[in-house]
Amino acid sequence: MTLSLNSIIKKLLVLFLIFTGLYFAKDLLMPLCIGGILATLFLPLCKWLESKKMTRSIAIFLCLLTFISVIFILIAVLGLKISELLADLAIIKQQAIESGTHLQKYIFNHLNISIDEQFEILKNEQPSYSNILQAIFGSFAYCFTTFILVMAYFVFLLLYRDHIKSFLLKITPEAQKSEMKNILYSAAHISYQYLIGLSKMIGLLWIMYGIAFSIIGIENAIFFAVLCGLLEIIPYIGNITGTALTVIFAAISGVHPLMLAGIVLSYGIIQLVQTWFFEPLIMGPQVKINPLFTIITLVLGELLWGIPGLVLAIPLTALLKIICDHIPTLKPYGFLIGTIKPVVP
């Protein structure tokens, strides 16, 4: 079988147009996707509350209140730990200054750049305070606006879920309505299982990192354990980033090199336990994306939507795989994205 060059060009053009549309429509699609994922996560709770003779509006309000409460609790815990870090700020600052002094001497001795020249380079490269403040206020305003949009989508998607489902069934040919119902059920069910499994995984990582960092003797071990666990929402990259931040902070604090090696060793052991024991047990085989496409998806997510794209990449790819698995013409793509099934001799 030979593939037509025109057919390949058309498919590549369609793919390019899709990614271009995703990039330019990110201000619309990104909050909508986050709101949709949250709505999927809280859908079972909303249905349970409605089964207790509550109106849909009250049930959605309680779901929204629950979500906001969880967010504020996490912010409070992280704020408490950050305040503990700030209590040691003077010591950390002094140690950072000493490390900077050693670095300056190293640059002078090996690159023959005087300390005055180094200061001049840094002065020319650093942005002005007005630019920094403008960037901070701009980011805060953008995050606040996005949060409001996400909450609005979260509420209205739960409120009009039956209306949206009826619309999708109306535009589906009669012969394919049952398949559409299966797609909608699978997408909602498996997405919920994935998100719940991810939450359990984060909780277990908090415990494992907390125990490991406490045994090693890292200051503010719980804070860094929570940080490493939360970054699990970005597969592979998240845990590496959290561990790297822990190592950097410990190094600035002037800990013994053996402690730094202990942090890296703990990361390796926890990753082995997570990959070979907890992931198959908790996440299950429902939606598995192979590591190659996991990395590709993360790179594309960051390229299109930045940090939120990294967070949304895996859930959206999981939904895409569900759709591909239920449409005959797209099943090869679902197979390509999925994990390789071991061959039993």
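**Cysteines**

I searched the whole structure for disulfides and found zero; a pair counts when two cysteine sulfur atoms lie within 2.5 Å. Cys63 is in no disulfide, and its nearest cysteine sulfur, that of Cys46, sits 4.5 Å away. My classes are buried for under 20% relative accessible area, exposed for over 50%, and partly exposed in between, with a 1.4 Å probe and protein chains only.

**Ground rules**

I am working with a predicted model, where local features need pLDDT of at least 70, side-chain atom pairs count only at pLDDT 80 or more, and totals for chains, interfaces and linings use all residues. I number residues from 1 along each chain as its sequence is written, and side-chain values use heavy atoms, with hydrogens and water left out.

**The chain overall**

I noted 13 helices and zero strands. Both are DSSP runs numbered from the N terminus: helices are H or I with at least four residues, strands are E with at least two. Of the 345 residues, 30% count as buried. The accessible surface comes to about 22400 Å², with 74% of it belonging to carbon and sulfur atoms; areas come from the Shrake-Rupley method with a 1.4 Å probe, and for residues only the protein chains shown count as cover. I also checked contacts, meaning heavy atoms within 4.5 Å. Among those between residues at least 6 apart in sequence, 69% join residues at least 24 apart.

I found Phe140 in helix H6, residues 129-159. Phe140 is exposed, at 58% relative accessible area. With Phe144, Phe147 and Ile148, Phe140 makes a nonpolar surface patch of about 430 Å². Patch residues have over 30% relative accessible area and no salt bridge; nonpolar side chains (Val, Leu, Ile, Met, Phe, Trp, Tyr) are joined within 5 Å, like charges within 9 Å. A salt bridge is a side-chain nitrogen of Lys or Arg within 4 Å of a carboxyl oxygen of Asp or Glu.

I placed Lys288 in the loop between helix H11 (257-283) and helix H12 (291-326). Lys288 is partly exposed, at 26% relative accessible area. Lys321 is 33 residues from Lys288 in sequence, yet their C-alpha atoms are 8.9 Å apart.

Thr297 lies in helix H12 and is buried, at 12% relative accessible area. Leaving aside neighbours within four places in sequence, I found Thr297 in contact with Ala313, Ile314 and Thr317.
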